[in-house]
Amino acid sequence: MTKEVSTKSIALKLDNISKTFGSVKANQNICIEVEKGTIHGIIGENGAGKSTLMNIIYAFYEADEGDIYIQEKLVKAKNSLEVIEHGVGMVHQHFMQIQNFTVLENVILGATNALTTKSTLSHARDVLKGLSDSYGLHVDPDALIEDLPVGARQRVEILKALYRKAQILILDEPTGVLTPQEADQLFKILEALRNEGVTTILITHKLREIMAITDNVSVMHHGKMVAHRKTNETNVAELAELMVGRKVRLELDKKVAEPGDVLLKVENLSVFDDLGVERLKSVSFEIRQGEVVGIAGVSGNGQTELLEVIAGMMKVNKGSVSVMGKTIDANNA
């Protein structure tokens, strides 16, 4: 009987990775193999240990036990610069950018030990244009980061990794700050990267995105890796059950709401921050007893300021907030 030999190439392998913070076992004997040129999803509930595991790979944390193999070579990196040299790039959920620098300046920052010269900038600009054209990562290199929408800022982070010749790209909850249209654009970029042999590790808890874009998926639960699946051989229901450790109802029976009296009323609310920037612009809505009201929006569109005003943590400049009959406005804030 002939033994079947695997011909798949492994871009990243984790062997019994463990990490403890005090009494909390964040990662317990994690084992995973990520095939080269694939999009590999890692899913789990908040607190399952996903981000901790990625931070160990990127050498932000040091594992208590276990080994990391990159491109089938054992790597004992002491810091992130050494990981980058092995071809690994990471796009964090909260972008690592200097707001008043241009795109070009952010991309080359830390990428060279030499003094920045006109020739360095010219070369970097040519490289960025090539990367942008190849993968659809179009961003104006001379634009200030603070003037860019969230989706463009994320493309800058991907460009930073590719500029450093990353062949393994880790994305931590990348769609959490994106609109649906920006998420679709991101997926097109990931497909283009996969076609060029770049390996992507996608950290998320959004199962429909996992089913739409990944080739393989691994599931974490309470710090342990509990399952590995080929994406085309699983489904949302199975992955949800593996994530939470029990069967999950994906559809809920809801009674028709019977709202009562108005408990919270916001009228023409406007708020300015310490720099004089208007964060809320004539916002009006009301919430009645017995209602559940959702407030949606991409990160940075005023949700935080709205909650802080309602909680009395931020001053009202125009309009008013009424909570159970008590009104707060510019005169009594």
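Of the 333 residues in the protein chain, 41% are buried, where buried means under 20% relative accessible area, exposed means over 50%, and partly exposed is in between (1.4 Å probe, protein chains only). What you see above is a predicted model, in which local features need pLDDT of at least 70 and side-chain atom pairs count only at pLDDT 80 or more, while totals for chains, interfaces and linings use all residues. Residues are numbered from 1 along each chain as its sequence is written, and side-chain values use heavy atoms, with hydrogens and water left out.

Let us begin with the whole chain. The C-alpha trace spans about 80 × 60 × 40 Å along its principal axes. The protein chain holds nine helices and 14 strands; these are DSSP runs numbered from the N terminus, with helices (H or I) of at least four residues and strands (E) of at least two. Contact means heavy atoms within 4.5 Å. Among contacts in the chain with a separation of 6 or more, 65% are between residues 24 or more positions apart.

Now for the interior. In soluble globular proteins, nonpolar side chains tend to be buried together. A nonpolar core is a set of buried Ala, Val, Leu, Ile, Met, Phe, Trp, Tyr and Cys residues joined through side-chain atoms within 4.5 Å. The largest one here has 38 residues, and Val103, Leu148, Ile158 and Leu193 are those with the most contacts inside it. Two or more residues come from each of helix H3 (103–108), helix H4 (118–135), helix H5 (150–163), strand S7 (168–172) and helix H6 (180–195). H5 gives the most to this core, with eight residues. Apart from this core lies another, of 28 residues, including Ile32, Ile84, Met90 and Met220.

Next, look at helix H1. Which of the residues in H1 are buried? They are Lys50, Thr52, Leu53, Met54, Asn55, Ile56 and Ile57, so H1 is mostly covered, with seven of its eight residues buried under the cut-off above. After H1 comes Ala59, whose phi is positive, near 65°.

Aromatic rings come next. A pair of aromatic rings is described by the distance of the centres and the angle of the planes. Rings of Phe, Tyr and Trp (its six-membered ring) pair if their centres lie within 6.5 Å; planes under 30 degrees apart count as stacked, over 60 as edge-to-face and the rest as tilted. A search of the whole structure finds two such pairs. Phe21 and Tyr61 are edge-to-face, at 5.3 Å centre to centre with 70° between the planes. Phe21 lies in strand S1 (residues 10–21) and Tyr61 in the loop between helix H1 (50–57) and strand S4 (65–70), so this pair ties together parts that are 40 residues apart in sequence. Phe21 counts as partly exposed because its relative accessibility is 36%, and Tyr61 is partly exposed at 34%. The rings of Tyr58 and Phe60 have centres 5.3 Å apart and planes at 90°, so this pair is edge-to-face. Tyr58 is buried at 8% relative accessibility, whereas Phe60 is partly exposed at 41%.

A ring can also have a charge over it, which here requires NZ of Lys or CZ of Arg to be within 6 Å of the ring centre and within 35 degrees of the ring normal. The charged end of Lys13 sits over the ring of Tyr69, 5.5 Å from its centre.

Finally, turn to a sheet. Strands of a sheet pair through backbone hydrogen bonds, either parallel or antiparallel. Two strands pair if DSSP finds at least two bridges between them. Four strands form an open sheet in the order S12-S11-S13-S14, with antiparallel pairing. The edge strands, which pair on one side only, are S12 (278–288) and S14 (326–329). From one strand to the next, the twist averages 20°.

Strand S11 (residues 262–272) is joined to strand S13 (residues 318–323) by five bridges. In S13, Val321 is the bridge partner of Val266, and Ser322 stands opposite Lys265. On to S14: four bridges join S13 to S14, and Ser320 stands opposite Asp329 in S14. S13 and S14 form a hairpin with two residues between them, and Met324 in the turn has a positive phi of about 50°.

Notes. Axes fitted to C-alpha atoms, helices over the stretch in contact; angles between N-to-C directions.
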